[in-house]
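Biologist: Please place the model before us, and let us then discuss it by question and answer.

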Amino acid sequence: MESNDKATMEKNEKATMEKNGRITVTTDDEPEINYRGWKAMPFIIGNETFEKLGALGTLANLLIYVTTVFHLKSITAATMINVFNGTCNFGTLVGAFLCDTYFGRYKTLGFATSASFVGLLAIQLTAAIPELHPHQCAAQGSGECKGPTTGQLAFLLTALGLMVVGASGVRPCNLAFGVDQFNPKTESGKRGIDSFFNWYFFMFTFAQIVSLTLIVYVQSNVSWAIGLGIPAFLMLISCVVYFVGSKIYVKVKATGSPMTGVAQVIAVAIKKRKLKPVEQPWLSLFKYIPPKSINSKLPYTDQFRFLDKAAIVTPQDHINPDGSPADPWRLCSIQQVEEVKCLLRVLPIWASQNIYGVSHVQLHTYAVFQAVQSDRRLGNSNFMIPAATYIVFMMLSLTIFIPVYDRVVVPFLRRIRGKEGGITVLQRIGIGIFVSIVTMLISGIVEEHRRTIALTKPTLGVAPRKGAISSMSAFWLIPQFTLGGLAEAFATIGLVEFYYKQFPENMKSIGGSLFYCGMASSSYLSSLLILVVHRATNRATTGNWLPEDLNKGRLSYFYYMIAGLGVLNLGYFLLCSSWYKYKGNSDTLELELEVNGEKRQSDKPSV
């Protein structure tokens, strides 16, 4: 009788919870949570839209800004941008740790968005105030342009530092904070989360298009002061919209970093390294799962068996009445060990992302310099397409291919292969790595064509501080940008999906940070390659591959070198993929992931 009454009460409670779209959750141990769902979305999506418009509106053309206004050399500028992007991405790991451990997502996002606004405002001031940037080259009365002073460069770097702080907090928290507003235990909440992802990526694409077209045009053809002021103003609106909705947000408190458990397993395994392995470890090792754990139970795997010793019970270990270890730094559960194994299994795949990302970096740096020394006129008019705007073709390729892949390719492969996703996540990543190799080969061929025309046929003038402008149409660069977008559609989205599926539930933010750390490593590696190639070829018989004037260099050789590294990386990735074991679930629960606006079930555990 009591159980029936309890079921009736739970049913009525659920109906009340979902009434009018407002969801209320109450437990004996926790305060009431009011999930406002879509009522909070105008503030969150509005904040995200203006934040992306502000950040991308400045970053999309930052390479051109520091070379034309601050008169930095191409190699110096490319290195600065690569280090800046790398630091922003590596910073997400710190941001995720501080968010999960101390501050929570609401405070982290509020502080990070404010820091981004101050940083964008400072960058705008470098363009608006003459004393904060070098004089124009024409004012010098000579062909040599004077670079920035120590004070001017310090002010610019401080502004970029504030942008790093902002990106480190926004990137790992923005999606998760939006998901926090919906109750994942109700059908309406799950549908809301699905729609939120769709709207988020739609707004992200919208912000990219506006940034790479309208804002970049104003910066390049009207005024840098106005063009950089627009993103700063948009970021201010983002801050205002975010804080206006403060009273209705669900603000999940920090629960502690999951990396503590990782450290415990490693520390205990080292302490017990001299113990002999146990027979039938899936039966003999210590088992315990906290009652409030959000992680699904994992089956035992025979990889990284040295970690199993952390779960061996010795006479010195004590267990509490509730089954938990008395000292978690002396005894860990098999569940904790398997969660650490999930992390370690992912790392070799993550290493391959670092090499793959190098080709992606070139499309944002040297491909833009290619456009600078190409014919960017639109038809027979005098309208010049800004060099940085050509990146939009990569974005369009990505957004056009995604629905085709989901609605046409995946169903076709599903019928042929019988797999839910058509192909496995690792196969999708491998295809993307292969396409990135082709992208670099095409980039090299197009660059050779551009350079040959510049040296053998009449040119269209001289690009400031660069060299002669080739009469080759910049539209010849579209194939390499298009292929770059296809590589992202396979590899980049596949990597995000892979990290999400293969990490334990309480490490999802860490998984997202790992993706950004991979992007950071790619940026740093690209900077290192540029430095090494520049110094190694400076006195070579073939000449410097990467001079200021691309017509005097051999950028195509640099592209071919990256393609060669990509081939080696593809071989390494295939080797790691054959060894990899997908995360299993001993309760046979199927995980679902929102990818490209469609639910997909996770792959079954397999090698």
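Biologist: Is Cys576 buried or exposed?

Modeller: This is a predicted model, and the relative accessibility of Cys576 in it is 9%. Because buried means under 20% relative accessible area, Cys576 counts as buried.

Biologist: What relative accessible area does Cys88 have, and how many disulfides are counted?

Modeller: Cys88 is also a buried residue, with a relative accessible area of 1%. A disulfide is a covalent bond between the sulfur atoms of two cysteines. A pair is counted if the sulfur atoms lie within 2.5 Å, and by this rule the number of disulfides is zero.

Biologist: Where in the chain do Trp545 and Tyr557 lie, and which class of accessibility does Tyr557 have?

Modeller: Trp545 belongs to the loop between α16 (508-537) and α17 (555-579), while Tyr557 is in helix α17, twelve residues apart from it. Trp545 has a relative accessible area of 18% and is therefore buried. For Tyr557 the relative accessible area is 28%, so its class is partly exposed.

Biologist: Where does Phe97 lie, and with which residues is it in contact beyond its neighbours within four places in sequence?

Modeller: Phe97 lies in helix α4 (residues 74-128) and is partly exposed at 34% relative accessibility. Its C-alpha atom is separated by 9.9 Å from that of Gly169, 72 residues apart along the chain. Leaving aside neighbours within four places in sequence, the contacts of Phe97 are Tyr102 and Ser257.

Biologist: What phi does His71 have, and what is the phi of Phe304?

Modeller: Most residues other than glycine have a negative phi. His71, in the loop between α3 (62-68) and α4, is buried at 7% relative accessibility, and its phi is positive, about 60°. Phe304, in the loop between α10 (281-284) and α11 (334-362), is partly exposed at 22% relative accessibility. Its phi is likewise positive although Phe304 is not a glycine, at about 50°.

Definitions and conventions. Residues numbered from 1 in each chain as written. Predicted model: local features only at pLDDT ≥ 70, side-chain atom pairs only at ≥ 80, totals over all residues. Heavy atoms only, no water. Buried < 20%, exposed > 50% of the residue type's maximum accessible area, 1.4 Å probe, protein only. Helix = DSSP H or I, 4+ residues; strand = E, 2+ residues; numbered from the N terminus. Contact = heavy atoms within 4.5 Å.
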